[in-house]
Amino acid sequence: MKKLKRSGRLVDMTYFLLQHPHEVISLTHFSERYQSAKSSISEDLVIVKEIFEDEGYGSLLTISGASGGVKFIPRIHPEQAGEFVNEVIEQLAVPERILPGGYLYMMDLLGSPKFIQRLGQVFASVLANKKIDAVLTVATKGIPLAYAVGQYLNVPVSIVRRDHLVTEGSMVSINYVSGSSKRIQTMTLARRSLAPGSRVFIVDDFMKAGGTIRGMMDLLEEFQAELVGIGVLVETVDVEERLVDEYMSITKLSNVDVRNKTITVEPGSVLELLQKMELEENK
């Protein structure tokens, strides 16, 4: 790369850091990339750090030591997350979304890159201080959300399927009980898609009783993997028996009146978690 002025360095450096979250970038790398002294690079990083934190993009950590450098941690301010959650609630409460069985049509939201990226940022913010090796979801509607979270955490995505694909090689299969229908179903995960001992975050778009997520948790045991957290876009509130205890949600679906075509949606637990994190960090 040709030698750049400070304004050019700041633009390219910002873009580079946004594309490499949770990755330690050495000062030597930037110094060689921009043909500039490390002292100048350090001054540039101070400017980038201030903008990231002031605008709510995330934080820029300084890693000391011979192998140190800087690491960009994507974050979102609780206030910004609150505005986004309110937007989600407004969009989900549209009566035309009601489907048989009390489900909601959400493919338009899950198919929106801007919406999905924002969801990924919110979940990644809660996980900012945790070590995550992989994101796990079940095909098919959870896939876009999982990749958004994986992008912000800079980790791979593993996809659980209900059928066996020959192109994925050897598979691990388990039977699980669907929380809503109480039927025994099968889910599979390719052996090569998840390294043994991985620290995993499970994410899905919708949760009623949590049978599918419970199945994924059981599947992780077959890989000797550790569950770090669970996140869902929408959880239903009025459930007799929840098969999952600890999880975070963007929204809570408290009532779907099919006859009167009304939907009641409330904020989920994510906002409380973000606010708690901010209070602890400001102590």
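Glu-79 is placed in helix H4, which spans residues 78–92; helices (DSSP runs of H or I, at least four residues) and strands (runs of E, at least two) are numbered from the N terminus. The structure is a predicted model, in which local features need pLDDT of at least 70 and side-chain atom pairs count only at pLDDT 80 or more, whereas totals for chains, interfaces and linings use all residues. Residues are numbered from 1 along each chain as its sequence is written, and side-chain values use heavy atoms, with hydrogens and water left out.

With a relative accessible area of 52%, Glu-79 is exposed, where exposed means over 50%, buried under 20% and partly exposed in between (1.4 Å probe, protein chains only). Together with Glu-83, Glu-87 and Glu-90, Glu-79 forms a negative surface patch. Such patches are made of residues with over 30% relative accessible area and no salt bridge, like charges being joined within 9 Å and nonpolar side chains (Val, Leu, Ile, Met, Phe, Trp, Tyr) within 5 Å.

Salt bridges, defined by a side-chain nitrogen of Lys or Arg within 4 Å of a carboxyl oxygen of Asp or Glu, come to a count of 13. One of these is formed by Asp-44 and Arg-9, whose closest N and O atoms are 2.6 Å apart. This pair links distant parts of the chain, with Asp-44 in helix H3 (residues 38–55) and Arg-9 in helix H1 (residues 6–19), 35 residues apart. Asp-44 and Arg-9 are both buried.

A salt bridge also joins the side chains of Lys-141 and Asp-205, at 3.9 Å from N to O. Here again distant parts of the chain are linked, since Lys-141 lies in the loop between strand E4 (134–138) and helix H7 (143–153), while Asp-205 belongs to strand E8 (residues 199–207), 64 residues apart. The two partners fall into separate accessibility classes: Lys-141 is partly exposed, with a relative accessible area of 39%, whereas Asp-205 is buried, with a relative accessible area of 5%.

Strand E8 also contains Arg-199, which is paired with Glu-226 of strand E9 (residues 226–236) across a separation of 27 residues. The closest N and O atoms of the salt bridge between Glu-226 and Arg-199 are 3.0 Å apart. Glu-226 is partly exposed at a relative accessible area of 41%, and Arg-199, at 23% relative accessibility, likewise counts as partly exposed.

Key. Areas by Shrake-Rupley, 256 points an atom, 1.4 Å probe, with all protein chains shown as cover. Lys, Arg positive; Asp, Glu negative; His and termini not counted. Charge placed at Lys NZ, Arg CZ, Asp CG, Glu CD.
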